[in-house]
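Student: I have a structure open and a few things to ask about it. Can we go through them one by one?
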Amino acid sequence: DSFEEQYYPSTCLVMEAGVRVLRRKDKPFDKVPFGRLFPRQKLFRNIKNIKTCAIVSSAGSLAGSKLGRFIDTHDIVMRFNHAPTQGHEVDVGSKTTIRVVNSQVVTKPEFDFAHAPIFRNVTIAAWDPGKYNGTLEDWLTSADYDLFSNYEIYRRRYPKSRAFLIDPHSVWRLWQTLQMFAGNRPISKNPPSSGFIGLALLLPHCPQVDFVEYIPSTRLNGRCHYYSKEMNAACTFGSWHPLAAEKLMTLDMNTADDMSVFQFGILRIRRPDKLLC
Ligand code: NCC
């Protein structure tokens, strides 16, 4: 077989993982009180008008990037967990459309998920991996962090909010996609990071995604986050999440040139044509 015939685009693989949010009709949530609180709306408004999206990683090397204005030009801006914009606008912008948050952030008191202004007036997509091969019934009692109670509090408090839960099965399908891409190198049996989950969630809704400072640029400074002084290279290269595999696969999807990726810190990923996949 020629290389041409064997090659199947990574973007197609990621789209096929089908990372999705849970809906009211999904069993067993149709019978669970907080399941009736899932928003009826679509994840994104006016999807036909969405042309460009930015995903802002929380990497330390965003500090000093001055990418804020560029980030804010996108129709949709995705951020993660409690990553702030206030005080960092020049580097990371000020617009936020959606936050992908892990279940620790929903649960741990220090993040104050149900009250903190940072989680208001933005779309929320919360995730928790549960057990690999677990059923959704199992997940209700065996989530890594019991995100359901705070989710329910949040939804009751803000009934007009757009807060969704990500289907944990789709998170593990994404993990399988990563393992497929990595071939015979075993990746860690932990879920992908919020960054990669966010990319897979967003790509089907967006023709062009600019992922900022996910592949580390030459600004790489050893800091974990742009918003804290903590030094930890594992945040960038991975220890618990299969982060290196995620980043290799994402680099495989990139269409921007090296100047853009490694000097500016911007990867560009185009949604594949349906005929291609
Ligand atoms: O650090 P975190 O991630 O919130 O970062 C969000 C996403 O940005 C990308 N990233 C981050 C730092 C860095 N140097 N390089 C990067 O590429 C990653 O894609 C990452 O997903 C998470 O994925 O949810 C994570 O959350 C934190 C933590 O729970 C929250 O920040 C709340 O404090 C996890 N850290 C710990 O549990 C200690 C982290 O492993 C994953």
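Student: What covers the buried residues of H11?
Tutor: This is a predicted model, and in it the cover over the buried residues of H11 includes helices H2 (10-17), H8 (168-182), H9 (194-202) and H10 (234-237). Strands S6 (208-212) and S7 (266-270) are also among the covering elements.

Student: Which residues of H11 are buried?
Tutor: H11 spans residues 243-253, and its buried residues are Leu243, Ala245, Glu246, Lys247, Met249, Thr250 and Met253.

Student: What does helix geometry say about spacing?
Tutor: An α-helix has 3.6 residues a turn, so residues three or four places apart point the same way.

Student: OK, disulfides. How many are there in the whole structure?
Tutor: The search finds three. One of them joins cysteine 12 and cysteine 277, with the sulfur atoms 2.0 Å apart.

Student: Where do those two cysteines sit in the chain?
Tutor: Cysteine 12 is in helix H2 and cysteine 277 in the segment after S7, so far as sequence goes 265 residues apart.

Student: Left-handed or right-handed?
Tutor: Left-handed, because the torsion about the S-S bond of cysteine 12 and cysteine 277 is about -80 degrees.

Student: And is cysteine 12 buried or exposed?
Tutor: Cysteine 12 counts as buried, at 0% relative accessibility. Cysteine 277 is partly exposed, with a relative accessible area of 35%.

Student: What about cysteine 53, which cysteine is bonded to it?
Tutor: Cysteine 206. The sulfur atoms of this pair are 2.1 Å apart, and the link is right-handed, with 110 degrees about the S-S bond. It connects distant parts of the chain: cysteine 53 lies in strand S1 (residues 52-56) and cysteine 206 in the loop between H9 and S6, 153 residues apart.

Student: How accessible are they, starting with cysteine 53?
Tutor: Cysteine 53 has a relative accessible area of 0% and is buried. Cysteine 206 is buried as well, at 0%.

Student: Then cysteine 224 and cysteine 235. How far apart are their sulfur atoms?
Tutor: They are 2.1 Å apart. The torsion about this S-S bond is about -90 degrees, so the disulfide is left-handed.

Student: What does that pair tie together?
Tutor: The loop between S6 and H10, which holds cysteine 224, and helix H10, which holds cysteine 235; the two cysteines are 11 residues apart in sequence. Cysteine 224 is buried at 5% relative accessible area, while cysteine 235 is partly exposed at 29%.

Student: Last one: what is the pairing if I number the bonded cysteines in sequence order?
Tutor: The pairing is 1-6, 2-3, 4-5.

Terms used: Residues numbered from 1 in each chain as written. Predicted model: local features only at pLDDT ≥ 70, side-chain atom pairs only at ≥ 80, totals over all residues. Heavy atoms only, no water. Buried < 20%, exposed > 50% of the residue type's maximum accessible area, 1.4 Å probe, protein only. Helix = DSSP H or I, 4+ residues; strand = E, 2+ residues; numbered from the N terminus. Contact = heavy atoms within 4.5 Å. Disulfide = S-S within 2.5 Å.
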